[in-house]
Amino acid sequence: GTFKDSMRKPEGLQSFLREHRAVSDLLEGAEALDTMAYGQLAYGTKRYFSKQGWYLTGEAAAFTDPFYSPGSDFIALENDYIVDLIRREVAGDSREELDARCTTYDQYMHYRLKSTMLIYKDLYPMLGSYEVLCLKWSFDIASYYNIWGYYYINDLHLDLRVLRTELRRQIPILEGQEKFAGMFKKVGDELRKQGKYYRSNLGEFSYGIEHIDFLEEIFALRKRRRIMEVNVSLFNLIRERAHHVLYGPDAAVPPLGLGAFSDQDLI
């Protein structure tokens, strides 16, 4: 059901849980020991890595959201950057070289935080529908493996040239994410209005990675052109599926070029 502020209290939480048969059965005869609630989980930092020689990692730096557990990615990146900066200083890199690398690593983590927050912002109400969640999951997980996961697996997150290229291109990427987030929200809102939000929540199954036909490619270096080809194919697929959810399987959805995904409404 929809979140209500009363759920932050023990009585409200128990009332909500008992609305769901399976959970209610498990709670039969149980005694509540404690209830805690946070009104806001996400936070960031002004600086991850300082030129003065101090560094932040994990929850000391930033936290986005428990869904998908992206904190593990942040810890892995931050720890790699911290170790790399310390190793280079010990090896005798110049102050100028260290400062430049420190700044780029810091800017990249800020970019990752912005991108990650767009996965969650205002989208939790959409996750109760099997159809909308499948759309969003396919978009999120395929985008992750095509770009973020691929960079890390191949140690490209330590390549200043790659990072600086990504930082120059971050605006259209973030704008594209916002457009897709808006599309997911619109699909969910329209399904609610039509009374069809839960229509596929029983009797359906998704394997979860059926749209990642490039999985074996992420373990070796790829040309930027190939990454963009996968992006365009994925974006058009998710947009087409969203149209079919709202307007039926026969809805005609002409494909778009990469640039169009950041400068126009998708549905």
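The lining of the second largest pocket splits into 18 nonpolar, 9 polar and 5 charged residues (Ala, Val, Leu, Ile, Met, Phe, Trp, Tyr, Cys and Pro count as nonpolar, Asp, Glu, Lys and Arg as charged, and the others, Gly among them, as polar). This is a predicted model, where local features need pLDDT of at least 70, side-chain atom pairs count only at pLDDT 80 or more, and totals for chains, interfaces and linings use all residues. Residues are numbered from 1 along each chain as its sequence is written, and side-chain values use heavy atoms, with hydrogens and water left out.

**Second largest pocket**
- Of its 32 lining residues, Ser115, Ser143, Tyr144, Trp148 and Gln177 are the closest to the centre (a pocket is an open set of points on a 1 Å grid over the protein atoms alone where a 1.4 Å probe fits, with protein on both sides within 12 Å along at least five of seven lines; lining residues have an atom within 4 Å of a point).

**Aromatic pairs**
- The count comes to 22 aromatic pairs (rings of Phe, Tyr and Trp, its six-membered ring, with centres within 6.5 Å; planes under 30 degrees apart are stacked, over 60 edge-to-face, the rest tilted).
- Tyr81 and Tyr105 are stacked, because their ring centres are 3.9 Å apart and their planes at 20 degrees.
- Both Tyr81 and Tyr105 are buried (under 20% relative accessible area, 1.4 Å probe, protein chains only).

Definitions and conventions
Buried means under 20% relative accessible area, exposed over 50%, partly exposed in between (1.4 Å probe, protein chains only).
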